[in-house]
Amino acid sequence: MEVLGCGHSVPIPLSSNKPSSSSSSSSSSSSSSSSSSLPTHHLPTTRRTLIFTAVASYLQFSPNSPILPAIAQQLDETQLEEDRVVRLFEETSPSVVFIKDLEIINNPKTSDEVVMVDDEKAKVEGTGSGFIWDKFGHIVTNYHVVEKLATDQLGRQICKVFLVDRYGNSLSRDGKIVGVDPSSDLAVLKVDIDGIEVKPVDIGSARTLNVGQSCYAIGNPYGYENTLTTGVVSGLGREIPSPNGGAIRGAIQTDAAINSGNSGGPLLDSHGHVIGVNTATFTRKGSGMSSGVNFAIPIDTVVKTVPYLIVYGTAYRDRF
């Protein structure tokens, strides 16, 4: 197996004849969502269409059936649940950012994805996600998303942050590193938002989570911005490897799909509160496909770490 972050993997030994421990694949437990100008009632699903077709057929032959109120109630509950998830995405996605790691190059290869930055050619090194921490423009993400920028000695690495303001206007800003903590795979960026009003996330807690609770991941897998995937909390108190070779304890396991580019984005509870930072996924070695065994750093670890990264540029234990 491999643990995939954003643009790199950490091999994890696994017997080839041992079945996956995940009870469901990420493809069956996730759904994608993006911004749409259509109102909610114009978003029919295949399931809802089938239900309405079946009910219409039934009514044709049994118009006075006593089970009709129960069917109507079930339809109402389904509609309410879908509307709730749509609202959750619409209210929280403005707090999620798209991060691009770029390297200034003189002679790009034909296979490189090249963009122009300040009249210079830059190669896209990787992509990731993050979320707006406060109204001052601090962005929380994974350390491994910005590792090349954090360790750059030649001044050729650039980080571009794509975000929206509170009113939905798209912005692009340079991200500057404020602080990093490789041992917990966390980093804080700062973007210039003078005169711009942004929407910070709502912070929750992972201490009251229970296995089986619904959860939602928003990020930019493979560069597809504002993607929503859904799942449940599959396990608690897990241990995953950190970028510096140590261990991150207390991680949240979920079957909400987390792929390359999701790293650094928020894991949300049903109220839209951040309960974790999406970090890694286990895959069959060489497959590149998520197995449905995905992990997030608990938000309680983030809350303890981020203030020190903003003030000291490093974690509490390393501040002196």
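**Exercise 1.** Is K123 buried, partly exposed or exposed in this predicted model?

Solution. Step 1: take the relative accessibility of K123, which is 22%. Step 2: apply the cut-offs, where buried means under 20% and exposed means over 50%, with partly exposed in between. Step 3: K123 therefore counts as partly exposed.

**Exercise 2.** Identify the salt bridge between E125 and K123, and place it in its network.

Solution. Step 1: the side chains of E125 and K123 meet at 3.3 Å, N to O. Step 2: the cut-off for a salt bridge is a nitrogen of Lys or Arg within 4 Å of a carboxyl oxygen of Asp or Glu, so the pair qualifies. Step 3: E125 has a relative accessible area of 25% and is partly exposed. Step 4: a network of salt bridges links K123 and E125 with K148.

**Exercise 3.** Describe the salt bridge of R207 with D300 and where its two residues lie.

Solution. Step 1: the closest N and O atoms of R207 and D300 are 3.3 Å apart. Step 2: R207 sits in the loop between β10 (186–190) and β11 (214–219), while D300 belongs to helix α5 (residues 299–312). Step 3: the two are 93 residues apart, and the pair links distant parts of the chain. Step 4: R207 is exposed at 72% relative accessible area, whereas D300, at 17%, counts as buried.

**Exercise 4.** How many residues separate R84 and E81 in helix α3?

Solution. Step 1: both lie in helix α3 (residues 68–92), 3 residues apart, about one turn of the helix. Step 3: E81 is partly exposed, at 38% relative accessible area.

Key: Residues numbered from 1 in each chain as written. Predicted model: local features only at pLDDT ≥ 70, side-chain atom pairs only at ≥ 80, totals over all residues. Heavy atoms only, no water. Helix = DSSP H or I, 4+ residues; strand = E, 2+ residues; numbered from the N terminus. Buried < 20%, exposed > 50% of the residue type's maximum accessible area, 1.4 Å probe, protein only.
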